[in-house]
Amino acid sequence: MQGAPSHSQATFAPGQAPASRVEIHVALEHLIDLDRLSKTDPMVVCSVGQDVHSTSAPAPTSHHHKHHHNTQWQELGRTEIVTNNLNPKFIKGFALDYHFHKVQALKFDVYDVDDKQGYTLSQQDFIGSFECRLGEVMGAKGQLLTGTLVNPAHPGRKNGTIKLFGDEINATPPMSGQFNARERYIKSETYSLHLQLSAKDLEKKDFFGKSDPFFIIKRSRDGGDWIGVHQSEAIKNTLKPEWAPCEIALVDLNNGDPTRMLMIEIWDWNRSGSHELMGSFTASQNDLVAKKKFQLVDLKKNKDVGKVNVDAARIVPNPTFTLNPYYGWNRHSFLEYIAGGCQVNLLVAVDFTGSNGDPKLRNSLHYVDPSGETQNEYMYAISSVGEILGDYDSNKQYPLFGFGGVLSSGSGSVSHCFPLNGNADHPDVHGVDGILAAYSRALENYRLSGPTHFSEIIARAAKEAKEGCASGRQNYQVLLILTDGEINDMEATKREIVEASSLPLSIVIVGVGSANFAAMEELDADNTTLKYGGKEADRDLVQFVPFSKYSNDPQKLTEEVLMEIPKQMTSYFAVKGIEPIVPQRQEPVWFQPQRPPQGPPQGYHPPTPQGPPQQPYRDQGQSGIQYSWQDTPQTGPSHPPQQQYGQYPQQGGYPPQGYPPQQGGYPPQSGYPPQQGGYPPQGGYPPQQGGYPPQSGYPPQQGGYPPQ
């Protein structure tokens, strides 16, 4: 249809908990009538806007329709269809997250629906649209925003008016437990009103029959308006209908307020859509639960027009499972685990399929420059990643495998997981140089073949990760797969990834060359959850990076390859409930002053000092020791260590700084008051006979020095 916009169904990924949850209800007035033999059958489609270059979309600066060529609209939902009505008030609303600090663009497209069975928007008559910001709705007086429907194909036509009613809803239901990082799905206990109504003594409205009654429940708003929240089915040709039971979520019924007034209206259904109001009454949720009968009143005529019976009304729980927004969230950082001794182990797998080209030819992706001045893409990626990950692996022993190759010296079949060093029992090589050397030798010993299979390599990495778990140490595996083409065992690969998602493993796939890597994006499930056979992966553990995209920016290539690993690692430990190990630091001896807790023990006689008297050490607190951390030599952290109590220096001992007494005074220490003879200045030692010991040690002298 001309002027009708296009829509795509939005996929919303879980993220951080929003500030609020809101619901928008829509009413239309004075719609243009596009049907010849009846009235318009309107429906509203709500869409949210996203900027194609950023995560927030620019919103219109006025209430008039305005084109945004850089905005992509994603459908949020649709109202029901109201037949033959130019002033509809829709029951179904639109719920979405509200963020104060974001511009959230909304668009409401109104259609006259002609085909109600399996309808598509392109086959309906587009009436007009209205764009605004969510903040405009929630910030409007009474949270009611009114606008004009505009159709670009008919700029001068009066299409009608739209009214948007905003309501904040209680989006956080009572939980059966606090949010935690270990449960992917959390059980939510929401509640509904289970309600069954019947009526009797209703008025006859139809000429050839009785009446076709149905009811509508509306909730009150602060501004005095009523918003429809539920509509029943119509019972044909009766004056004493018995409607089927229904369940209405309390958050929709009254936003969780049991005293909020509700209006129950009984209508006579007509095929033309011109339904006739038979009567109404008001009651709260508490009233409906406690009271069983209500008088139906015609407010215009001010007379009783029947009775409504509450046959059943009770509150029922609705346990649901929703995605936990804090799943995998870790209060500890990547470096906290590293500081506690966690090892990040690299495992490398190289593509030996024939699509790489003959390694002897310069145009091959596996060509090795004999001069060593340049590296091919495989070698470059290995060097870049290995250089960084090597800092977190103490022994730097890296298992190295190939896939898709055949041993040149034999007539065996293709292997999808073979050690490049030729040792199946010990496939490790030492350091990045060892990887590059083994890779170069393997190109001489293996013939390129195919197809491209990842499943065996991933299974081997999972085995390494399991062994790391069994060791009792904190280990995390990173599998680096370097490949030049499409995966030929996609389903088996997905199976292995889903199985490995519960293990301490990340998989980084670097695509070299210019092949089509579209299938890799499915494995790199950033916005969806990878599934196999109905089972979901516990977490996202795959990162895909095309080498060609960053070939001219080495730093960016490395960043892209490794950027998700810290988050994936901490997420794994959070899900498993594994805390980082608190590092045990051995402080230098000068950080361990010795002192009595109260005073000298009974019978203790301090030794006679061998040099001039020295002031005792005192600290700034209650411990009785004083020295400046800044003035004290240290190689450890800047905080004071755990002190040792109840220990005394041996006879002839010295203060912790360790300087022996000698003629002319002592080297400078913090906190010594001046005394007769003075002390040498802070900047050095005064010359004297025999000189002073250097800072790094003491000169030999008769009798030696006490132990430090």
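**Group meeting: a walk through a predicted model**

The protein chain has 11 helices and 29 strands, where helices (H or I, at least four residues) and strands (E, at least two) are DSSP runs numbered from the N terminus. Please keep in mind that this is a predicted model, in which local features need pLDDT of at least 70 and side-chain atom pairs count only at pLDDT 80 or more, while totals for chains, interfaces and linings use all residues. Residues are numbered from 1 along each chain as its sequence is written, and side-chain values use heavy atoms, with hydrogens and water left out.

Let me begin with confidence. The mean pLDDT of the protein chain, pLDDT being the predictor's confidence in each residue from 0 to 100, is 78, and 72% of the residues reach 70 or more.

Turning to the chain as a whole, 45% of its 708 residues count as buried, that is, under 20% relative accessible area, with exposed meaning over 50% and partly exposed in between (1.4 Å probe, protein chains only). Among contacts between residues at least 6 apart in sequence, 72% join residues at least 24 apart.

Now to single residues. Asp167 lies in strand β8 (residues 161-169), and counts as buried because its relative accessibility is 11%. The side chain of Asp167 makes polar contacts (a pair of N or O atoms within 3.5 Å; within protein, one must be able to donate a hydrogen and the other to accept it, and residues adjacent in sequence count only if both atoms are side-chain atoms) with the side chain of Arg219, at 3.2 Å, and with the side chain of Arg221, at 3.5 Å. Leaving aside residues up to four places away in sequence, the residues that Asp167 touches include Arg21, Glu23, Met138 and Arg260.

Lys141 is found in the loop between α1 (134-139) and β7 (144-148), and is exposed, with a relative accessible area of 82%. Although Lys141 and Gly223 are 82 residues apart in sequence, their C-alpha atoms are 9.3 Å apart in space.

Next, the aromatic rings. Rings of Phe, Tyr and Trp (its six-membered ring) pair if their centres lie within 6.5 Å, and planes under 30 degrees apart count as stacked, over 60 as edge-to-face and the rest as tilted; by this rule there are 15 aromatic pairs. Phe418 and Tyr446 form a stacked pair, 4.2 Å centre to centre with 20° between the planes. Phe418 lies in strand β20 (residues 418-419) and Tyr446 in strand β22 (residues 446-448), so the pair ties together parts that are 28 residues apart in sequence. Both Phe418 and Tyr446 are buried. Elsewhere, ring pairs link Tyr337, Tyr476, Tyr572 and Phe573 into a cluster.

Finally, the cysteines. Taking a disulfide as a pair of cysteine sulfur atoms within 2.5 Å, the count comes to zero. Cys132 has as its nearest cysteine sulfur that of Cys46, 8.2 Å away. Cys132 counts as buried, at 0% relative accessibility, whereas Cys417 counts as partly exposed, at 21%.

Notes:
Contact means heavy atoms within 4.5 Å.
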